[in-house]
Amino acid sequence: MKQSQILIPTKKEAPSDAEALSHQMMVRAGYVYQVSAGVWAYLPLAYRVIRKIENIIREEMANAGAVEMMMPGLLPADLWKESGRYESYGANLYKLKDRRDRDFIMGPTHEETFTALMRDSIKSYKKLPLVLYQMQDKYRDEDRPRFGVLRGKEFEMLDGYSFSADQAGLDAAYDKQAVAYRNIFDRIGLDYKVILADSGTMGGKNSQEFSAPAAVGEDIIVYTDGDYAANIEKATSQFTGVQQEGTPAELTKVATPGAHSVDEAGESLGMPSSQILKSMLFMAKMADETVQPVMVLMRGNDEVNETKLKNALDCLELTFATEEEAEQYLGAHPGSLGPVGVGQEVKILADEYVKVLVNMACGANDDGYHYINANLDRDFRVDAFGDFRLVQEGEIAPDGLPLKFTKGIEIGHIFKLGTHYSKQMGAQVLDQNGRLVDVIMGSYGIGITRLLSAVAEQQADENGLVWPDSIAPFDVHVIPINAKNADQMRVADEVTAQLEVANLEVLLDDRKERPGVKFADSDLIGLPIRVTVGKKATEGIVEVKIRKTGETIEVKVEELVNTIQILLQNNLQQA
């Protein structure tokens, strides 16, 4: 491919709003073009990277027994109303109407569509198990698109689904997908962690997330130097609470004017935050559409993990109570709330660390007042205890080692959905005993276009992108220093032909640009190997540069193909 014939609009400066390295370099290197906020065009080089990622995925999916197909992106809202996600998915769901006023959505994922397909197509266990997948664009109305293609409104994703008549079939499909995902990310050249994760709006209980550590990652990976790794929403640590000694003192109401936070209450009362109850009121929308007020009690120095809380309540939605709702149920505003005297209409949950405290302080449900010497059972009730807190760095993980934190980019996610969707949508088959059973499902996703950002975040340097050979748009960048020099162009054409005969993909910079411009663009584009044809062309010698390391060597033209093949093989082994 001649560089003069391909669209690569490189830039000297990054966009002013580009925070992430991947965003800066992909724009500067001419890989992507922003059409609007969160909507990107993938230019020829990026498109070639995407196609190579797709080919790796296809090969590994085939090895795992999955079959590719294609679903529409425009979906009838009725499918999502069947599953209950039309309302619960939230504001990120694109909703629209056709000319006949029928409701549609732009698909952010396709659990419902695949479930309907199976419901209408498969009636017997003899046709199962099946694993189907697709690679297509998805749509989510992100409130704050950012970091380039990493968090956009339109993106390409693999979504796959397994269908089984029994748990063994689900387990086998899930395990094969887990292996396939590792193979895919290994071949792409990513550093990644496999972590325990929450299923979120997908449903299901068993879930693993594949996360690539990166400075701009929006997820927090909690891990140890051993085997433990989890998303912050799922992470746990060993319980280290010790039952406090002491005789429960008399419950006393104390004025605390202006004290609305735990720190302010602690200063007013002369108590450590660990001895003050943080009392938060939530409104939980349950499966039957009723709304349950829920008070959650934490030690003042702990933060509530809303995902753990939502899972414990098994509710559809969980929101903080408004000031009006707090006053309705508790007679006070946030900052003065507490469990003493709360009626049965409010469910009270408490983190397990609250159980060991004696003589606590808490809001008095009277603005400007707190109780001191509040004690469990005597002064207030708790309906259920549980782990409702966010873990903190340095705590001891379940594997006995200290927890560490790092940011990560979610690149893949696999779920054991079970019968979450099939039960809702009536997808059943006859089992071997002739009984109708709900189809057991798994769901598997990879963010294809966000993989570009993940690789760029991990591999790019101050000069530009650095692509692993497995997904680079071209293998070799051939650069004649002077395109007007007949000898240099002859040698450049010669080595390009030799490399292409050896099944290597070559980008030939035939532009009549200054050498500095060519070299700067080459570093930006980030192909694994650069071959410079310069003054020694008449001697049959060219310079080879490894983009990742910056190492350069002089090579005879007749030895070039063999040298580059060895260098690329070494790159693959090092990755």
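Mentor: Before we start, one term: two strands pair if DSSP finds at least two bridges between them. Keep in mind, too, that this is a predicted model.

Trainee: Which residue is the bridge partner of valine 478 in β26?

Mentor: Start with strand β25, residues 476-480, which pairs with β26 in the parallel sense over 3 bridges. For valine 478, the partner in β26 is leucine 508.

Trainee: Let's zoom out. How far apart do the C-alpha centres of domain 2 and domain 3 lie?

Mentor: The domain assignment gives domain 1 as 3-235 + 404-457, domain 2 as 252-386 and domain 3 as 476-571. Between the C-alpha centres of domain 2 and domain 3, the distance is 67 Å.

Trainee: Now helix α7. Why do its buried residues count as being on the same side?

Mentor: In α7, residues 262-269, the buried ones are Val262, Ala265, Gly266 and Leu269. They sit on the same side of α7 because around the axis they cover an arc of only 100 degrees.

Trainee: And which exposed residues does the face turned away from the buried side of α7 carry?

Mentor: First, the covered side: what covers the buried residues of α7 includes β13 (252-255), β14 (277-285), β18 (360-363) and β19 (369-374). Just after the helix, glycine 270 takes a positive phi of about 70 degrees. On the face turned away from the buried side, you'll find Asp263 and Glu267.

Trainee: On to charges. How many salt bridges does the structure hold?

Mentor: Side chains of opposite charge can pair when their charged atoms come close. In this structure the count of salt bridges is 42.

Trainee: Is glutamate 112 buried or exposed?

Mentor: Its side chain meets that of arginine 85 in a salt bridge, 2.7 Å from N to O. Glutamate 112 lies in helix α5 (residues 111-121) and arginine 85 in helix α4 (residues 85-88), so the pair ties together parts 27 residues apart in sequence. Arginine 85 has a relative accessible area of 4% and is buried. With a relative accessible area of 0%, glutamate 112 is buried.

Trainee: How many residues apart in sequence are the parts tied together by aspartate 171 and lysine 416?

Mentor: Those two side chains meet in a salt bridge of 2.9 Å, N to O. Aspartate 171 lies in helix α6 (residues 167-188) and lysine 416 in strand β21 (residues 404-418), so the sequence separation of the parts they tie together is 245 residues.

Trainee: Last one: where does glutamate 554 lie?

Mentor: Glutamate 554 and lysine 536 meet through their side chains in a salt bridge, 3.1 Å from N to O. At 52% relative accessibility, glutamate 554 counts as exposed, while lysine 536, at 35%, counts as partly exposed. Lysine 536 lies in the loop between β27 (529-533) and β28 (541-546), whereas glutamate 554 lies in strand β29 (residues 552-556).

Methods. Residues numbered from 1 in each chain as written. Predicted model: local features only at pLDDT ≥ 70, side-chain atom pairs only at ≥ 80, totals over all residues. Heavy atoms only, no water. Domains from an automatic or database assignment. Buried < 20%, exposed > 50% of the residue type's maximum accessible area, 1.4 Å probe, protein only. Helix = DSSP H or I, 4+ residues; strand = E, 2+ residues; numbered from the N terminus. Arc of directions from axis to C-beta. Contact = heavy atoms within 4.5 Å. Salt bridge = Lys/Arg side-chain N within 4 Å of Asp/Glu carboxyl O.
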